[in-house]
Amino acid sequence: MGDPDLLDIPDNEQPPGVRAKEIERVVLLQRRLGPARLHVGPFLGLYTVLLALLVQQYLAKEHPYAVLYATIVVAILHILSFLFTYWSVSVNATVNYKAVTRLADAEYIQVIPHKLSGSADIVPLEMRQAREPHTGEEYLEVAFEFRKLRFNYHSE
């Protein structure tokens, strides 16, 4: 993907619509990094609290069975939250990405087809400088590929 500072990206406040018979709508997405992902950050906090409780109970010479059981439950929930991102595209979009409204902020796009037309997917949004073949004029091409079809963004 090119450098957004060098590209003249259209600044629309409304998310783009798609005129295609197989696509119902699209959602512009930006990838969450590190602890901002919802199956990383909250669980790091929970594990820290559980570790502190475990150490506190160990130092008080009490039996930490409740903390150990809670740790097992949190670990199972952590594993399930991670697996749900592979099982469901909408959960993956919520956990690993954040929805944005501006095209300039988007890195990925969630494509949601019409009912009974297949499953949704998250695909990279491609932004590059292209040249008009007849006039030689350069323009920004914003596009994505979905099911081996290429969809181009037009400002109108």
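1. Helices here are DSSP runs of at least four residues, numbered from the N terminus. The model is a predicted one. By that numbering, Thr85 belongs to helix H2, which covers residues 65–87.

2. Overall make-up. The protein chain has three helices and seven strands. Along the sequence the pattern reads β-α-α-α-β-β-β-β-β-β. Of the 156 residues in the protein chain, 29% are buried. Consider contacts with a separation of 6 or more: 60% of them link residues 24 or more positions apart.

3. Thr85. Is this residue buried or exposed? Thr85 has a relative accessible area of 8%, so it counts as buried, the cut-off being under 20%. A polar atom of its side chain sits 2.5 Å from the backbone oxygen of Phe82. Set aside residues up to four places away in sequence. Thr85 then touches His39, Val91, Asn92, Val95 and Asn96.

4. The H2–H3 packing. The axes of H2 and H3 are 6 Å apart, and the helices pack at an angle of about 125°. H2 is therefore oblique to H3. Which residues meet here? From H2 come Phe84, Thr85 and Trp87. From H3 come Val89, Val91, Asn92, Val95 and Asn96.

5. Helix H3 and its cover. H3 spans residues 89–96 and lies across S1, S2, S3 and S4. Relative to S2, H3 runs at about 90°. Its buried residues are Asn92, Ala93, Val95 and Asn96. What covers them? The cover includes the strands S1, S2, S3 and S4, together with helix H2.

6. The open sheet. Four strands make up an open sheet, ordered S2-S1-S3-S4, with antiparallel pairing. S2 (97–99) and S4 (121–124) are the edge strands, and each pairs on one side only. From one strand to the next, the twist averages 40°.

7. The S3–S4 pair. How many bridges join S3 to S4? There are four, and the two strands run antiparallel. Opposite Val111 stands Asp121 in S4.

8. The largest nonpolar core. This core holds 18 residues. Those with the most contacts inside it are Ile23, Ile109, Val111, Leu125 and Phe144. Three strands each supply at least two of its residues: S1 (23–31), S3 (108–113) and S6 (138–146). S6 contributes the most, with four residues.

9. Phe144. What does this residue contact, beyond its neighbours within four places in sequence? The contacts are Ile23, Val26, Ile109, Val111, Val123, Pro124, Leu125, Leu149, Arg150 and Phe151.

10. A separate core of six residues includes Leu29, Ala93, Tyr97 and Ile122. Ala93 is also one of the buried residues of H3.

11. Points to check on screen. Start with Thr85 and its polar contact to the backbone oxygen of Phe82. Then view H3 where it lies across S1, S2, S3 and S4.

Terms used. Residues are numbered from 1 along each chain as its sequence is written. This is a predicted model: local features need pLDDT of at least 70, side-chain atom pairs count only at pLDDT 80 or more; totals for chains, interfaces and linings use all residues. Side-chain values use heavy atoms; hydrogens and water are left out. A nonpolar core is a set of buried Ala, Val, Leu, Ile, Met, Phe, Trp, Tyr and Cys residues joined through side-chain atoms within 4.5 Å. Buried means under 20% relative accessible area, exposed over 50%, partly exposed in between (1.4 Å probe, protein chains only). Contact means heavy atoms within 4.5 Å. A polar contact is a pair of N or O atoms within 3.5 Å; within protein, one must be able to donate a hydrogen and the other to accept it, and residues adjacent in sequence count only if both atoms are side-chain atoms. Two strands pair if DSSP finds at least two bridges between them. Axes are lines fitted to C-alpha atoms, for helices over the stretch in contact, and angles run from 0 to 180 degrees between N-to-C directions. Angles under 35 degrees count as roughly parallel, over 145 as roughly antiparallel, 65 to 115 as roughly perpendicular and the rest as oblique.
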